[in-house]
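Reader: Hi! Could you walk me through this one while I have it open? I'll ask as I go.

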Amino acid sequence: AGAVGRVLQRADCLQHCLGRQLGAAPSAHRASHAIRRDFEQREPYNYLQVAFFQLKKLDQAVSAAHTFFVANPQHLQMREDIEKYRRMSGVKSDNFRDLEAMPHWEAYEAGVQHYNADEYLQAVARLEESLTEALSALEECRALCEGPWEDEDDEEEEMQPGLYEAIAAHYIQVLKCRQQCVLEIATKPGRISATEDFIPSHLDLLQFAYDQVGNQALAAECAASYLLFYPADEPMLEKMKVYRTVLGEDTAVTARESIQHYVQRSLMEKKLIYYAVEHLGGTFNDPDLWTPDELIPENLKEKHREDQEKQKQETLDVEGRKKRGPLPFEGIAVTMDSHQMNGTQRVVFDGVLTESECKDLLRLTKAAGEAGDGYRARRSPHTPHERFEGLTVLKAMQLAQNGDVDWRDAKLLLQASEKSRKIIESYFTPGKKLHFSFTHLVCRTAVDEEQEGRMDLSHPVHADNCLLDPEGQECWREPPAYVYRDYSGILYLNDDFQGGGLFFTEMDTVTVTAEVHPKCGRLVAFSSGKENPHGVWAVSRGRRCAIALWYTHSQEHAEQERVKAEELMEQRAVEQDRPDGEEHQEADHRGRSSSELPVPSGGARPTSRRHKPGSDRTQHPKELRARDEF
C-alpha cells in the first residue's frame, strides 16, 4: 500500500505540473504517434520556411529550411530551395544554421576533429562537453518514456489484461523505451544508423587524449570507466597497468560515478526486460554491444544463435543465387550490387566495353544527329534544356547499308547490346531467356544558353513497366506503360560531361536511394517494376551518350526491328564471303526478305580490360511520364 501511495502521489504531482505549465485537460497534452514522428523529422520547419519566405523574412526562412534539410538530406525539393537561397542577395552564410542542433553532437564532432588533428587539449575540452551533454540528453529522453501505454498490436477486441499483467506490460514498455534512448542520442540528425558504442567511445578517446597531454590520473579514470563496459578488453587492461605503474600502486583508480550509475542502472533494466521476455513473452532488441553474455537467459541465447544462423544461411542463399548466374565474359567486375545500392534487383558492372569500343560507338552517335530515328538533335521530349539524338539498331544498319556509317560500328552496336543482354540474363535470370524489347543508342547534349537557373531533370523519375503514382504509393501496370518489360539496362559510352547520372528513388520519387555515375563500359541493370523508380540528373554541360536497353521474357514482344537489323548484318556477312561477281549479283536482290537466314547471336568478343570499381549514392526529384525511353 505504501508503494502504491507513492505512485498515486507522483501521478498527482505530474498532473498538477502539466496543468500549471500547459493548461487544459491532461488528455490535450498527449500527441499522437504521427505528430511525434513529424516533429522528430522536423516537418514543421518545412512549413515554416515557406511561411517566412512569403512574409519576406529571408533570414528566418533560410534557417528553417536548413534545419529541416539537416534532418532530411535526401529531400530534393528542399535541396533545390537551399540552392535558391544561396543565390539570393541578402542571404548571409550564418543564416544557414541548425535551430535544433544537439549540443552533444556539435561538441562531439568538434572534439573528434581536434583529436584527429592531434590537438588533444582542445579535444579533451569538447569531448568532456559532449559526454556531459549526451548524458543529460539521455536523462531527458528517459523521462519522456514515462508516457501513456501504447498498444503495439492495436487490436480492438483483444481481452484486456488484469492488474498485474497491465502493470508489468506498461513498465516493461517504459524500460525498453529507456534502453532505446542511447540510440536516439547516438543518431546524428539526417542519419539512419546510430554511432556504435557512443558513450564508451567518448571514454576511449578521452583516455588517450588525457594521456597525450600528460594527465595520467584522468586518463586512468577514463580507462577504468571504459572497462565497466568491456571488462575483458585487453588493450585497455594493458593501459591500466601502465597508468598504475606511473601513478603508483597505492593510488586509487576508480571509474567515474556518473558512468558507474549509468552502467549499473542499464544492467538492472536489461535484467528485468530479459526476465519479462523469457517468462511473459515479447521481444527485445538490445541496443548495446557491451551487454554481458551471462545476463541473457540461456533459452534466449539459443534463439539469438538461431537468428544469426538464419541470417548467415540467407547470406549463403544470396551467394548461391549469384553462383547460379556466373558472368559469361572475363574482365567484367560487379562494382555495386543490390545491397550496396539500397534496393532490390539492381547491379552495376564495369569493363563491359573497352575504351576503343566506346570511341567507335561514339563515332556512330554522330550519325544520330544527322539522320537519326526521329529526334535528330531536336530539343529533348523531357526538357527544353537539352538536345536529344537517338539511333535504333535497324536505322544504324540501314545507314551502314547506304554507306553513311562504317559497317563495323553498326555491327558493334549489335554486339555490345547482345553482350549486355547475356550479362544481365546470366546475373538475374539464369536459365530463363531474356528477349530484347527495345534498343536505343541515345545522346543528350546540354544547350549551353539554357542552363542558367535550371532546376529540372534530364529524365523525370519513372518506372519502366508501370505508371508511377507517388501520391498513392502505387505503380499501375497498365497501358500506356510498357507492361511487358522485365529488365532494363544502360550501357554508358563516356563521362566527359557534367551531370547525367542515373539515380534510384523510393516510390515517393523524392527520396533518393542510390546514384550511378556514367563511365565508358559501365552497365547498370535493374528490374523494370515499381521496386526501381529512377530518373536522370540534368546534363548541364557536354554530351552524354549511352545505349538504353529494355528486355522482356515474352517472346511475342521481342524487338522486331532488331530481327531485321540482324538479317541485314547476316546478309552483309554473306556478301563479304562471296566473290566480287556474286556479291554484285546479290546486290540486285537486297530488297528481298531474308527471313530464312539464321539469326546470329551477335556476342561481342570478351575483353580483358578491367576498370577500378567505384560507387556513388544519393540525391533526388519528382514528375511522371508514361513513355519512358531514355
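Reader: Where does leucine 175 sit?

Author: Leucine 175 lies in helix H8; helices here are DSSP runs of H or I with at least four residues, strands are runs of E with at least two, and both are numbered from the N terminus. This is a predicted model, where local features need pLDDT of at least 70, side-chain atom pairs count only at pLDDT 80 or more, and totals for chains, interfaces and linings use all residues. Residues are numbered from 1 along each chain as its sequence is written, and side-chain values use heavy atoms, with hydrogens and water left out.

Reader: Thanks! Is leucine 175 buried or exposed?

Author: Buried, because its relative accessibility is 0%. The cut-offs are under 20% relative accessible area for buried, over 50% for exposed and partly exposed in between, with a 1.4 Å probe and protein chains only.

Reader: And what is leucine 175 in contact with, beyond its sequence neighbours?

Author: Leaving aside neighbours within four places in sequence, leucine 175 is in contact with Glu269, Leu272 and Ile273, where contact means heavy atoms within 4.5 Å. Leucine 175 and glutamate 269 are 94 residues apart in sequence, yet their C-alpha atoms are 6.3 Å apart.

Reader: Which residues does glutamine 179 touch?

Author: Not counting residues up to four places away, glutamine 179 touches Ser266, Glu269, Lys270, Ile273, Phe284, Pro287 and Asp288. Glutamine 179 lies in helix H8, residues 163-185, and counts as buried because its relative accessibility is 4%.

Reader: Nice. Now helix packing: at what angle do H10 and H12 pack?

Author: About 0°, with the axes of H10 (residues 216-229) and H12 (residues 257-280) 10 Å apart. Axes are lines fitted to C-alpha atoms, for helices over the stretch in contact, and angles run from 0 to 180 degrees between N-to-C directions. H10 and H12 are therefore roughly parallel to each other; angles under 35 degrees get that label, over 145 is roughly antiparallel, 65 to 115 roughly perpendicular, and the rest oblique.

Reader: Which residues make that contact?

Author: Ser225, Leu228 and Phe229 come from H10, and Ile259, Gln260, Tyr262 and Val263 from H12.

Reader: Zooming out, how many helices and strands does the protein chain have?

Author: There are 18 helices and 16 strands. Buried residues make up 44% of the 630 residues. Among contacts between residues at least 6 apart in sequence, 74% join residues at least 24 apart.

Reader: Which residues touch the most other members in the largest nonpolar core?

Author: Phe349 and Leu361, in a core of 44 residues. A nonpolar core is a set of buried Ala, Val, Leu, Ile, Met, Phe, Trp, Tyr and Cys residues joined through side-chain atoms within 4.5 Å. Helix H16 (residues 407-428) gives the largest share of this core, ten residues. A second, separate core has 42 residues, including Val182, Ile185, Ala223 and Trp290.

Reader: Changing topic: which side chain does threonine 439 make a polar contact with?

Author: With the side chain of glutamate 559, at 2.9 Å. A polar contact is a pair of N or O atoms within 3.5 Å; within protein, one must be able to donate a hydrogen and the other to accept it, and residues adjacent in sequence count only if both atoms are side-chain atoms. Threonine 439 lies in strand S5, residues 435-446, and counts as buried because its relative accessibility is 1%.
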